[in-house]
Amino acid sequence: MNKTVLLGTLAASALLAGFASAGTLDDVKARGELICGVNTGLTGFGAPDANGNYQGFDVAVCKAVAAAVLGDPNKVKYVPTTGETRFTALASGEVDMLARNSTWTFSRDNDLKLDFVAVNYYDGQGFMVHKDLGVSSAKELDGATICIQTGTTTELNLADFFKANNIGYTPVTVADDSEAQRQYLAGACDSFTTDASGLAAVRATMPDAENHIILPEIISKEPLGPVVRHGDNNWGDVVRWSYYALVAAEEKGITQANIEEVAASTQDPEVKRILGLEGDLGAMMGLDKEWAKRAIAASGNYGEIFAATIGEGTSIGLARGLNALYTQGGLQYAPPFR
Amino acid sequence: MQKSATFVRKEMLQAQEPPTSERGAIKWVRENLFSSALNSVLTIVGLVAAFLVIKAALPWLLHSVWNANSLGECRDIIAARYGEGATGACWAVVRERWHQYLFGFYPQELFWRPTMAFGLMFVALAPVLYYGNQRVNTIMTGVVSILTILALIGISLAFPQTIGGVEAGALAVLVAALVLGGLTAVAWLAPKRLLYFTLLYPAVGFYLLWGGSIWGPIGTLAGFAVLVVVYNLTKGQLGVVVGTGAGVVAAAIWWLAIQSHVTGALHSVLPLGTAHVDSDEFGGFLLAFVIGVTAIAASLPMGILLALGRRSDMPLIKALSVGFIEFIRGVPLITMLFTASLLLQYFLPPRSNFDLILRVIILVTFFSAAYIAEVIRGGLAALPRGQYEAADALGLDYWQAQRLIVMPQALKISIPGIVSSFIGLFKDTTLVALVGLHDPLQGVTKVVRAAIEWKGIYWEPYIFVGLIFFACCFSMSRYSMYLERKLKRDHR
Amino acid sequence: MAYVASAPKEPFRLSMLVYDTRYRSYTIQIVVLFLFLAFLAWLLNNTIENLAAKDKDINFSFLFQRAGYDIDQQLIPYTNDSTHGRALFVGLFNTLIVAFFGCILATIIGVFAGVLRLSGNWVVARLMTLYVETFRNIPLLLWIILAFVIFSETAPAPRDFRVTDEMVAAGEAPSAHKILFDSIAFTNRGMNIPRPYLDHPLGSINVLDVPINLSGLAVLALIAIGMWVNGRLLGHAKAVQEETGIRPVTWWKSLVVLFVPVIVLLFALGLHWEIPELKGFNFQGGINVAHSFTALLIAISLYTGAFIAEAVRAGILAISRGQTEAAFALGLRPGRTMRLVILPQALRVIIPPLISQYLNLTKNTTLGMAISYLDLKGTLGGITLNQTGRELECMLLMMAIYLVLSLIIASGMNVFNTAMKLKER
């Protein structure tokens, strides 16, 4: 645990550096492990449990990709990233992909040289207030003190919203959502604003949840989704379609439990193509035939993942809303597999 | 002759009891607490302050809950036991997650390895601190051995594991008992030999913590052997400086170009090794100690060179050393950590990529090297000028004088300062949470709070971690104060 | 036998560069210089290559773009329409103000704790030991968080101050009051203190887009003049005392010189105080001091104060016991002995560690990011970095600023140190 480590590893890394390679997909296959940048800890979306196993809605995307590429959903190394380090970690190649509630914006897509490959959660920024405050709309918050999580798009949205409505506020920046929860409960701010999903998670764990309401205004669009480096289109396709396989599976009624049964009995040509029984979609992006089957089997289809991690059955209790399938009035829509 | 019968007392009178106000508790109170108006005010203010703190915290501490599975359950238990609206501490979170605070996500069946590495660290320190002292070395090694074995037994009871039908914990305890017993015997029989273990410890500690193929650390050690051999071969002709340079170059060639082939070949022939643990599984106090200890140990040689450079007669060397030291000391540690996480990849060759913990360790090593250099410079300055002159008079060259006369004394004087630096660094390891590592204070706590059952818990993790930090730092600072006193006595 | 006056002049040979100590140092330095330059070139080359690979450049123009975020504590005017560069300065001033008040507060706390730790009062000495040991041995980060939490958890909410019509009718008082003659509102969101307000201000001029308040400048100038005159007055008094042995009475003159002109000026400008009032959700008016500032200031002062206390204690213990005894023999009381005899001498031992503590304190202000205090790290190294993705530029700029800050503090304190050094004759 001293110089030896440094030198030894430097030596190893210098050697690794020698092998230049073509793309992330080959890197991942050669490594036998997918490196996935995740949140340092966000309830429901990505956090390690008591045994150190990462669980959550975003984490499930990592597992699906690992299953599709490597055949094993557990061959993932999770790298916790903060709001500041996430894009750098991706850009520098420290992680292969980010699956950590990051908002897809124009400047991130273009200026930061990132590619947002899909949207796995349509979110929007909302406000939570105490019932006693007697406020029923965010526009009545003139002069209020508002707790806001720093290092995200939310502080820009907040400034824009209050400017557009020509009202004033005092920002209280907080480091993370548990700090925000504490401050809000202590009354240090009148309102807490973050993504509506985060508000729901915070509200779910309050001792007196019934006394807090989430205001109807959603002041921004927050399409959250997995991110890859710009310029590696093949890898971007792998992540994108691994995700869409989950969505398509929900649409077609393929679940973790019945996937083998469906594979044996299905007559639907698209299901056949997805499950690799017909055609060879996997080969087009450098994977084998059963890639999508494994991705779905990893932690179930989109709906199952949603229900198991953040859905109404869990204590976070998020409704599907915008994230329902397009057939049910939502926005989740997988392009055709053909 | 008639004696004048004046009164002569033959025996001493029994001393009178002092007046009540001048004895016992009253005297002590008067002298120590109420000797003047100002003192009385201070006493009363102090007592009131202490009372207020206790009054605020005591009920909360008394209403502690240890057995619960979630914060909500804690709240229910407290409400049921002490009435609605009562508040209390929910220590159940510590009971359930203590191992994450200590080891992070280190695999549970391997907890014995960091524990062992931690214990062995003290054994390795013993000969450094008390070189050749048989009694102290034996006692220290023995006590550490017993404590380590007790800790191992505790861990194996907490996380019972069986490998191939054998109780893994018992096996670990057995191995530890053998190794530690052997070391204690060495300390008893040949205390000076224990220094070899200290030299070996970095490799042992590394192997215990990270595991993997046994050939890796052996190969790295072989690099040092190459260094020594080349140095010995060339110093006769080329002198110490060039000889060292040649040794370093040879060792670097070994490490960078040859080692991996050799160890790879050896591993394929004889695959010895244990389970490999990735450094991203490190967390909690394990991480704090790994970063702190590695950085301090690795920064020692660098700090010595920088301190010598700063006192050098060569203007360029001096300017570079001063520039490095003042630059590092002038920027906050946080910026160094962010450099490790955000900038290092710009400065290193494209596609070279090693994990964040290692990058953090490297930057923290630079950081502490600047501070250690200043500590050692203080030690060098404290040496009387006569020592240097005596070395010159004996005809020793620069490096001989440093090695044989100056450094042994200067380093000894610097030990308290080095310990203080370590305490500072150890506390500062809490900052690594800001770059996404799982330090005990914020990193692990954030993970714990992200679990739905512990969301909303606030004070308990902080108090638990704060107490451990206090215990570690307080004992170290007491030790360094003791050393300081002892060194002062030695010098008189 | 020939007497050789000096060593024979050897012709210069190349091998002398290695073996001759006269030349060897040049060889070593040249090699080191070469290696150092090579290292720099390597770093530069890597950076250029990496930037090219990521299709990025080094470009500071983002500093002139709209920032778009709000900062709750601003010493210079700033809105979300201001530039990132201006946000940088807002952050820098926030860093400086914490560092400035922190150094003062930490010194006061440290000197008191250090002296009291050596006091004969058992309770006080133990309490001070407890204070020093707890603060020194627990990470600063924890103290900052704790201070912040204590403020926001224990102080009353603004709505507790509210007096409603029903309460007036029922004759009830609100559960919380403003303190200090109803002027300071201490809530769980921050502290609103009265703001001085002028009826006829002198106006302000803009220097580099930063408004400079002329009224404030005038007050400062008057104070400076008053202090200068007062200094002359005291100097004169001292001269008279040395000549005649009688010191003329000066206190009322000093008071007049120091205070009357300022008071007259303030009166002429029409000074009154703007008292914070509860309006809507919050207290409005006055100066709002956020808890993140107060908590950071207090935690950092207490933490550094513990280290300064140790330095002060060591300094006092370094002064030989004879000095105390001599002072007692002269009839000085313990307080004066400490103030007039011991501390001035101990100061020389105390100042060097004090300098490094001031530097540490300044650097430690970055930990304010744990409670989201928007200092330089929070603005430039936090939100700006995050919004623009310019990590290389932001981090380099931030390091340079901190380095300059540290160098300024260190050199300033070193001047002071030299001035305080024992002048040996």
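Q: Two strands count as paired if DSSP finds at least two bridges between them. With that in hand, which residue in β12(A) does Val129(A) stand opposite?
A: A friendly reminder to start: this is a predicted model. Strand β8(A) and strand β12 (residues 212-214) of chain A pair over 3 bridges, running in the antiparallel sense. Within β12(A), the residue standing opposite Val129(A) is Ile213(A).

Q: Which residue of β11(A) is the bridge partner of Gly126(A)?
A: β8(A) also pairs with strand β11 (residues 191-195) of chain A, in the antiparallel sense and over 5 bridges. Look in β11(A) for the bridge partner of Gly126(A), and you will find Thr194(A).

Q: Why is strand β8 of chain A largely enclosed by the rest of the structure?
A: A residue is buried if 20 or more other C-beta atoms lie within 10 Å of its own. Strand β8 of chain A covers residues 125-130, and it is largely enclosed by the rest of the structure because the number of its 6 residues that are buried is 5.

Q: How far apart do the C-alpha centres of the two domains of chain A lie?
A: Chain A is divided into domain 1, made of 23-122 + 224-328, and domain 2, made of 125-220. Where they meet, 12 residues of domain 1 of chain A are in contact with 7 residues of domain 2 of chain A. The side of domain 1 that touches domain 2 has 4 nonpolar, 7 polar and 1 charged residues. As for the C-alpha centres of these domains of chain A, the distance between them is 30 Å.

Q: Is chain B more spread out or more compact than the globule rule gives, and what is its radius of gyration?
A: Chain B has a secondary structure of 17 helices and 4 strands. For its 492 residues the globule rule gives 23 Å, and the chain is well over that value, so chain B is more spread out than a compact globule, with a radius of gyration of 29 Å.

Q: What percentage of the residues of chain B count as buried?
A: Along its principal axes, the C-alpha trace of chain B spans about 105 × 85 × 50 Å. Among contacts in chain B with a separation of 6 or more, 72% join residues 24 or more positions apart. Of the 492 residues of this chain, the share that counts as buried is 41%.

Q: Which element gives the most residues to the side of chain B that touches chain C?
A: Here 44 residues of chain B are in contact with 42 residues of chain C. Elements giving two or more residues to the chain B side include α2 (37-62), α9 (215-269) and α17 (459-491) of chain B. That side divides into 29 nonpolar, 13 polar and 2 charged residues. The element that gives the most, with 9 residues, is α12(B).

Q: Which strands of chain C stand at the edges of the open sheet?
A: The sheet has 3 strands in the order β1-β2-β9, with antiparallel pairing. Each edge strand has a single partner, so one side of it is left without a neighbour in the sheet; in chain C these strands are β1 (185-187) and β9 (287-290).

Q: What angle does the direction of helix α9 of chain C make with that of β9(C)?
A: Strand β2 (residues 190-193) of chain C pairs with β9(C) over 4 bridges in the antiparallel sense, and Gly190(C) stands opposite Ala290(C) in β9(C). Helix α9 (residues 291-318) of chain C packs on this sheet, touching β2 and β9 of chain C. The direction of the helix makes with that of β9(C) an angle of about 55 degrees.

Conventions:
Residues numbered from 1 in each chain as written. Chains lettered and ligands numbered in written order. Predicted model: local features only at pLDDT ≥ 70, side-chain atom pairs only at ≥ 80, totals over all residues. Rg over C-alpha atoms; globule rule 2.2 N^0.38 Å. Buried ≥ 20, exposed ≤ 12 C-beta atoms within 10 Å, placed from the backbone. Contact = placed C-beta atoms within 7 Å. Nonpolar A, V, L, I, M, F, W, Y, C, P; charged D, E, K, R; others polar. Domains from an automatic or database assignment. Axes fitted to C-alpha atoms, helices over the stretch in contact; angles between N-to-C directions.
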